[in-house]
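Welcome! Here is a short briefing to read beside the structure.

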Amino acid sequence: MSAPQPAVLAEGLTKIFGKFIAVDHLDLTIATGEVVGFIGPNGAGKSTTIRMLCALLTPSAGRAFVAGFDVVGAAEEVREHIGYMSQKFSLYEDLTVWENLRFFAGIYRVPRALFPERGRFAVTMAGLEGREDALVRTLAGGWKQRLALGCAILHRPPVLFLDEPTSGVEPEARRRFWELIHRLAAERVTILVSTHYMEEAEYCNRIALIDRGRLVALGSPGELRRRNLGGTLVALECTPLGAARALLREAPGVAEAAIFGDRMHVLLEGGGLDAAGLGDWLAARGVTAGKAQVIAPSLEDVFVRLVAGRRAEAKA
Amino acid sequence: MFDRLQAMLMKEFLELRRDRWAMFRLVVPLLIQTLAFGYAATFTVRHVATALLDLDNSQASRGLISRFVATGRFNIVDVATRASEITRDLDSGRATAAIVIHAGFARDLANGQTAPLQVNVDGTNSNTALIALGYISQIVSLYESEHLPTIRPVSTMDAVPAVELSLAERPWFNPGIEDTWFFIPGIIGTITLIQVVSLTAFAIVREREVGTLEQIMVSPIRPVEFILGKTVPFFLIGLGDVALVTAFGVLWFHVPFVGNPLIMLLGASLFLLAALGLGLLLSTLSRTQQQAFALNFFLVNPLFILSGFAFPIAAMPAWLRWLTVINPLRYFLVVIRAVFLKGVGITVLWPDLSAMALLALALLGLSVLRFRKSLD
Ligand SMILES: Nc1ncnc2c1ncn2[C@@H]1O[C@H](COP(=O)(O)OP(=O)(O)OP(=O)(O)O)[C@@H](O)[C@H]1O
Ligand SMILES: [Mg+2]
């Protein structure tokens with residue numbers, strides 16, 4: 001071990017189910033202590049990638065190393081060094097909080113002497129003090145989710161894979177969960193976390209955007225916002241939105257038009273319409289439009305652009 | 001190994017204890033099935049509706065009739081005076097069997113000649129008819145042996161489809177034992193098999209569906225540890241099943257238990273291991289509880305039919321007989337019936353015990369190999 005080894009290294013990682021390519025030559029390197037967000041639409045291949053990295057699925061091609069261990073050749077060592085929360089973050093519903101912790105401590109062989117302290121830590125972390133003897137089935141989603149995280153780190157793994165840990169949990173609980181993630185990262189735990197929520201992407205050191213099995217973009221939130229748009233983004237209010245989008249997509253100099261709430265985001269690539277002329281152009285075609293303002297792109301704008309761009313390429 | 005196994009076992013027992021209906025689901029069907037089989041599924045036929053025509057009306061003929069009545073297995077529903085009345089009784093279904101003692105019965109019996117005795121049975125309920133014929137032939141031959149020389153019953157095909165007397169010598173007909181005695185031991189094997197196979201299969205498939213199995217597979221647990229953790233509780237439940245039904249059979253149905261309980265324990269343990277292996281194998285073949293249910297149904301029925309529980313293996317076509325060789329229930333039934341009713345020991349039963357041990361080894365081995373910690 002000379003150069004500092006990446007916590008996660010994937011090269012050309014591929015998974016094929018029958019004829020369907022779920023993950024397609026994915027390259028990903030994660031440094032120790034990094035929090036990487038894994039973002040992509042439904043069925044993009046997030047869970048499949050995470051399962052390959054956890055040695056739950058065998059890659060069809062490519063290689064991957066987690067904490068320095070080959071996920072194919074040294075699966076058991078990989079398992080010793082990772083914590084994993086599956087998409088269903090499953091606990092035993094008929095067992096109490098403390099019994100669940102004791103069970104997972106048992107199968108991970110947490111030394112008996114260390115368990116009381118680590119168990120307490122997990123209970124505190126989950127905010128379940130005084131409810132150690134409550135059956136898990138009686139807990140609300142946010143507590144279950146934090147308890148599942150507590151169970152996954154009882155053996156103090158250096159690498160954590162969290163598959164949509166915040167899905168179906170209220171915003172306040174989500175915020176608390178991200179605090180926990182950052183506390184762990186501060187202790188140099190490496191975390192790969194998949195999510196559907198765009199605002200959560202902002203909490204990550206880096207974001208990996210995946211679409212239909214391909215890694216489409218990788219970088220820090222700031223980098224992604226700056227890099228990938230290639231034009232000026234403007235926002236304007238207009239009605240009706242649907243007609244406006246259809247018109248704008250055919251308009252000269254417009255690279256992309258997308259609806260965000262009650263507003264239209266339009267990406268202008270220059271050489272055609274500009275921000276000032278947009279309102280009049282739309283009005284001439286029967287769409288009432290407000291004044292167009294140049295805005296800084298959000299991550300969501302970037303993702304829409306990247307994914308839509310890929311869709312267009314695929315069609316062409 | 002010990003820590004993980006201990007954790008698995010503790011979890012399983014806690015889950016079982018929390019499941020308020022578990023005891024109900026485990027015990028009640030067992031008792032109901034035992035009762036149902038014990039009372040209903042029996043070859044012992046009582047109270048056969050019988051019509052009687054005594055044309056001899058002698059001391060000898062009345063003696064024979066009293067023998068029939070004394071067994072409690074024949075209800076004399078009609079004492080006829082003419083042959084036509086007998087035919088009418090059988091046709092109308094009022095009687096299942098008819099016994100006609102012809103004139104000259106006593107004289108011929110005294111002379112040592114063939115004494116004419118005619119038995120008609122309603123062949124439409126062939127099972128009852130066959131059994132009734134069996135009883136009649138026994139009673140007659142007993143009477144015959146006491147009043148040597150011979151009376152020979154004559155069977156005729158009269159009015160209704162009748163059955164030849166010789167058919168009563170079917171191999172399964174075992175006049176020596178009460179049929180409940182024959183059935184209860186069989187039930188122990190059958191019910192335990194059904195319960196243990198389905199419990200094991202469903203327990204694992206449920207964890208797969210809920211997602212906890214994925215959480216376990218991602219841990220460094222070894223397949224053996226997981227499988228032991230899953231099977232030990234069901235092994236104990238299975239032993240409980242065996243003990244419960246045995247106690248029920250002995251105390252309620254008064255089935256004699258003449259053999260050595262330790263041999264029974266040995267046989268039951270080997271059998272349960274094989275059943276657990278089957279359940280595990282089934283769970284590796286199903287993704288959802290529905291699939292497990294379908295497979296279970298598909299598997300348990302043939303096991304039951306090809307076990308010799310009700311249908312004699314000797315009477316099966318050769319290729320089916322070969323299939324029974326890999327059926328653990330077949331061997332357990334031999335062991336359990338032998339221990340219960342005959343009290344035979346290892347010297348006689350070792351081939352069946354070894355066959356079960358081999359099957360258990362093969363099935364458990366296969367399921368450990370098949371249970372890989374992978375979702376592929
Ligand atoms: N075992 C499998 N066999 C066949 N196809 C599969 C299997 N597992 C996943 N897939 C398919 O692979 C694709 C990627 O699935 P995956 O679960 O990795 O997506 P995801 O990005 O996690 O989506 P989601 O956000 O819905 O969880 C999907 O189209 C899915 O149907
Ligand atoms: Mg997923």
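Where the two chains meet, chain A brings 31 residues and chain B brings 28 residues to the contact, contact meaning heavy atoms within 4.5 Å. Please keep in mind that this is a predicted model, in which local features need pLDDT of at least 70 and side-chain atom pairs count only at pLDDT 80 or more, while totals for chains, interfaces and linings use all residues. Residues are numbered from 1 along each chain as its sequence is written, chains are lettered from A and ligands numbered from 1 in the order in which they are written, and side-chain values use heavy atoms, with hydrogens and water left out.

**Between chain A and chain B**

- The size of an interface is often given as the accessible area lost when the parts come together.
- About 2,800 Å² is buried between chain A and chain B, and carbon and sulfur atoms give 54% of that area; buried area is the accessible area (1.4 Å probe) that two parts lose on being put together, summed over both.
- Three salt bridges are counted between chain A and chain B, a salt bridge being a side-chain nitrogen of Lys or Arg within 4 Å of a carboxyl oxygen of Asp or Glu.
- One salt bridge pairs the side chains of Arg18(B) and Glu99(A), at 2.8 Å from N to O.
- There are also 14 residue pairs in polar contact between chain A and chain B, with both residues at pLDDT 80 or more. A polar contact is a pair of N or O atoms within 3.5 Å; within protein, one must be able to donate a hydrogen and the other to accept it, and residues adjacent in sequence count only if both atoms are side-chain atoms.
- On the side of chain A that touches chain B, the elements giving two or more residues are helix 2 (75-81), strand 6 (82-85) and helix 3 (97-107) of chain A. Helices (H or I, at least four residues) and strands (E, at least two) are DSSP runs, numbered from the N terminus.
- Helix 3 of chain A gives the most to this side, with six residues.

- Helix 3 of chain A is mostly covered, with 10 of its 11 residues buried. Buried means under 20% relative accessible area, exposed over 50%, and partly exposed in between (1.4 Å probe, protein chains only).
- Glu99(A), Phe103(A) and Phe104(A) are among the buried residues of helix 3 of chain A.
- Over all chains, the whole structure holds 10 aromatic pairs. Rings of Phe, Tyr and Trp (its six-membered ring) pair if their centres lie within 6.5 Å; planes under 30 degrees apart count as stacked, over 60 as edge-to-face and the rest as tilted.
- Phe103(A) and Phe104(A) make an edge-to-face pair, because their ring centres are 5.1 Å apart and their planes stand at 70°.
- Just after helix 3 of chain A, Arg109(A) has a positive phi of about 55°.

**Salt bridges over all chains**

- The count over all chains comes to 26 salt bridges.
- Arg214(A) and Asp24(A) form a salt bridge between their side chains (3.4 Å, N to O). Arg214(A) is in strand 10 (residues 214-219) of chain A and Asp24(A) in strand 2 (residues 20-30) of chain A, so this pair ties together parts 190 residues apart in sequence.
- Arg214(A) is partly exposed at 40% relative accessibility, whereas Asp24(A) is buried at 17%.
- Lys11(B) and Glu15(B) form a salt bridge, with their closest N and O atoms 3.9 Å apart, and both residues are buried.
- Lys11(B), Glu12(B), Glu15(B), Glu207(B) and Lys230(B) are joined into one network by salt bridges that share partners.

**Backbone details**

- Most residues other than glycine have a negative phi, and most peptide bonds are trans.
- Thr239(A) and Pro240(A) are joined by a cis peptide bond, with omega about -10°. Pro240(A) sits in the loop between strand 11 (232-239) and helix 9 (241-249) of chain A.
- Ala55(A) has a positive phi, near 65°, and is buried at 8% relative accessibility.
- Glu164(A), which is not a glycine, has a positive phi of about 45°, and is buried at 6% relative accessibility.
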